Amino acid sequence: MDDRKKSSLNNKAALYTSEGEYRKASEIFELLLSSEPDDTGIIYNSGFNYLKWGKTEKALAAFDMLMRKADEDSGNREGLLEDCGAACYDEGFYEDAERYFRKAQSLEPVNSCLMNRLGVLCFVTERLDEAENYFEKAVEYDSGNIDAWFNLADACELLGRTERSESARKRFLELEKKQKL
């Protein structure tokens, strides 16, 4: 299949997914995967479609295929794995989200946004000390990560670390002010 046709079909399937036409999207993704079984973008989109459709097992199978490909290939797969984790997180599959986030972390250990995502995941699963540690790493890796500063302030506040919470909130407000300028 030529690239133009593949791109057109992929876009059509993504549109079907966004419109809630999951069966139609799935048929197109299956066609695309029959000719491009190693295309990580199509694999991800297919998994995302299955997740939205409520076909969790098929979605996780697609995402796990991406995780295996990350092991086989030295290419940059951490972004796709992070996206898999975010999709699972958004649907409330926290254990699966954490698995994909941790795999992405193993491929790119110094990633502020990923540390923040892991912190949020720990926060919502009530592992506040662990959340605080991830937020601290996030701001260490990128002192301009406004979301991580906000989250760090909240986690420290709940942990009773008032001084740290106040300093994190102050930094958040400074960054927020700069963004508005």
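## Exposure and the model

A residue counts as buried under 20% relative accessible area, exposed over 50% and partly exposed in between (1.4 Å probe, protein chains only). Ser 18 is found in helix α1, and its C-alpha is 32 Å from that of Trp 149, a residue 131 positions away in sequence.

This is a predicted model, in which local features need pLDDT of at least 70 and side-chain atom pairs count only at pLDDT 80 or more, while totals for chains, interfaces and linings use all residues. Residues are numbered from 1 along each chain as its sequence is written, and side-chain values use heavy atoms, with hydrogens and water left out.

## Overall layout

The protein holds 10 helices and 0 strands; here helices (H or I, at least four residues) and strands (E, at least two) are DSSP runs, numbered from the N terminus. Reading along the sequence gives the pattern α-α-α-α-α-α-α-α-α-α. The C-alpha trace spans about 60 × 35 × 30 Å along its principal axes.

Of the 181 residues of the protein, 41% count as buried. Among contacts (heavy atoms within 4.5 Å) with a separation of 6 or more, 47% join residues 24 or more positions apart.

Helix α3 covers residues 40-53, and Thr 40 lies in it. Is Thr 40 buried or exposed? Thr 40 counts as buried, because its relative accessibility is 13%. Leaving aside residues up to four places away in sequence, Thr 40 touches Leu 66, Lys 69, Arg 77 and Leu 80.

Two helix pairs involve α3. Helix α1 (residues 3-18) packs with α3 at an angle of about 20 degrees, their axes 10 Å apart; axes are lines fitted to C-alpha atoms, for helices over the stretch in contact, and angles run from 0 to 180 degrees between N-to-C directions. The two helices are therefore roughly parallel, given that angles under 35 degrees count as roughly parallel, over 145 as roughly antiparallel, 65 to 115 as roughly perpendicular and the rest as oblique. In this pair, Lys 6, Asn 10 and Thr 17 of α1 meet Ile 42, Asn 45, Phe 48 and Asn 49 of α3. By class, that contact has 2 nonpolar, 4 polar and 1 charged residues. For the classes, Ala, Val, Leu, Ile, Met, Phe, Trp, Tyr, Cys and Pro are nonpolar, Asp, Glu, Lys and Arg are charged, and the others, Gly among them, are polar. α1 passes α3 in a left-handed crossing, where the near helix is turned anticlockwise from the far one by less than a right angle (clockwise would be right-handed).

The other partner is helix α5 (residues 78-90), whose axis comes within 11 Å of that of α3 and crosses it at roughly 5 degrees. That angle is why α3 and α5 are roughly parallel. Here Thr 40, Tyr 44, Phe 48 and Leu 51 of α3 meet Leu 80, Asp 83, Cys 84, Ala 87 and Cys 88 of α5. The contact of α3 with α5 has 7 nonpolar, 1 polar and 1 charged residues.

## The α7 and α8 pair

Helix α7 (residues 112-124) and helix α8 (residues 128-141) have axes that come within 8 Å and cross at roughly 165 degrees. The two are therefore roughly antiparallel, and α7 passes α8 in a left-handed crossing. Among the residues making the contact are Met 115, Leu 118, Val 120, Cys 122 and Phe 123 of α7, and Leu 128, Ala 131, Tyr 134, Phe 135 and Tyr 141 of α8. The residues of this contact divide into 11 nonpolar, 3 polar and 2 charged.

The loop between α7 and α8 contains Glu 126. Its phi is near 60 degrees, a positive value in a residue other than glycine. Glu 126 counts as exposed because its relative accessibility is 71%.

## Cysteines and helix α10

How many disulfides does a search of the whole structure find? The search returns 0, taking a disulfide as a pair of cysteine sulfur atoms within 2.5 Å. Cys 156 is in no disulfide either, with the sulfur of Cys 122 the nearest at 14 Å. Cys 156 counts as buried, because its relative accessibility is 0%.

Lys 170 has its place in helix α10 (residues 162-180). At 53% relative accessibility, Lys 170 counts as exposed. Lys 170 and Leu 60 are 110 residues apart in sequence, with 40 Å between their C-alpha atoms.
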